[in-house]
Amino acid sequence: MRKPLMAGNWKMHKTIPEAVAMVKELKSKIADVKDVEVLICPAFTALYSLANEAKGSNIKIGAQNLFWEPKGAFTGEIAANMVTDAGCSYVIIGHSERRQYFGETDETVNKRIKAALNAGLIPIVCVGETLNERESNVTFKVIEKQVRDGIKELTAEESAKIVIAYEPVWAIGTGKTATPDQAQEVHAFIRKVYSEMYGSAAEGTRILYGGSVKPDNVAELMKKEDIDGGLVGGASLEAASFEKLVKFGK
Ligand code: PGA
């Protein structure tokens with residue numbers, strides 16, 4: 001059984017006090033939730049404070065990126081062990097905004113995944129096609145390459161820890177969600193590719209959908225067999241709406 005994971009990707013939003021206030025509020029709203037894993041990924045600056053605020057609750061904290069070298073002269077970068085040190089258990093890797101604006105490639109995604117796993121973090125690896133790619137009918141080709149090249153060369157044990165997020169670039173922050181059928185089709189395809197790479201581990205791999213997930217579309221998405229959770233931007237920024245996402249089945 002795959003336990004659903006609802007992850008908030010806060011991107012470049014919220015100061016430390018704003019972040020702490022929201023987790024405080026969320027904590028009490030979802031205190032009774034046991035059947036869904038809840039994760040918040042704030043900006044680096046808020047990680048430590050949020051991890052402290054979330055201690056003893058059912059909220060986990062993750063980073064939005066890391067650098068693959070363990071330490072050294074890499075001004076502005078953050079190593080995997082610094083991310084664990086700040087209290088994180090997860091890290092988002094290869095978000096399309098990082099691919100688009102910061103030159104992230106499948107090769108650098110792969111290095112970051114390995115560094116994350118070495119530090120004991122669970123990577124949430126993002127894949128997804130652009131609108132142009134979808135309209136040119138190369139969605140599956142693009143996704144297959146991102147999965148095969150980005151998540152390559154892992155041990156069996158490592159491959160079983162990965163979370164994959166399918167985030168069609170055209171659906172991120174646009175209000176245009178993939179239909180549940182469109183998403184399911186790609187999720188099933190990702191699971192098939194991953195099983196060709198790593199065998200039965202793929203059955204337990206959680207594949208999240210991301211791209212304009214909202215309280216009013218989450219339940220329909222979550223009904224699909226291969227959709228195991230959400231990676232949510234906009235709708236994760238307020239406790240009331242994130243609570244609705246976490247309680248999608250109620
Ligand atoms: P969105 O962002 O929910 O605001 O579309 C999702 C994401 O980029 O992870």
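View 1. An N or O atom in the side chain of Lys 11 sits 2.7 Å from an oxygen atom of the ligand. As you explore this view, keep in mind that the model is predicted. Taken alone, the ligand exposes 290 Å², and the protein buries 96% of that area.

**View 2. Backbone atoms of Ser 212 and Gly 234 also face ligand oxygen.** Here a polar backbone atom of Ser 212 comes to 2.8 Å from an oxygen atom of the ligand. For Gly 234, a polar backbone atom is 2.9 Å from an oxygen atom of the ligand.

**View 3. A shell of 13 residues surrounds the ligand.** The closest of them are Lys 11, His 95, Glu 167, Gly 173 and Ser 212. By residue class, the shell around the ligand holds seven polar, four nonpolar and two charged members.

**View 4. Helix α2 has a buried side.** This helix spans residues 47-54, and its buried residues are Leu 47, Leu 50, Ala 51, Glu 53 and Ala 54. These five lie on the same side of α2 because they cover an arc of only 160° around the axis.

Technical notes
Residues numbered from 1 in each chain as written. Predicted model: local features only at pLDDT ≥ 70, side-chain atom pairs only at ≥ 80, totals over all residues. Heavy atoms only, no water. Near = heavy atom within 4 Å. Polar contact = N/O pair within 3.5 Å; in protein donor to acceptor, adjacent residues only side chain to side chain. Areas by Shrake-Rupley, 256 points an atom, 1.4 Å probe, with all protein chains shown as cover. Nonpolar A, V, L, I, M, F, W, Y, C, P; charged D, E, K, R; others polar. Buried < 20%, exposed > 50% of the residue type's maximum accessible area, 1.4 Å probe, protein only. Helix = DSSP H or I, 4+ residues; strand = E, 2+ residues; numbered from the N terminus. Arc of directions from axis to C-beta.
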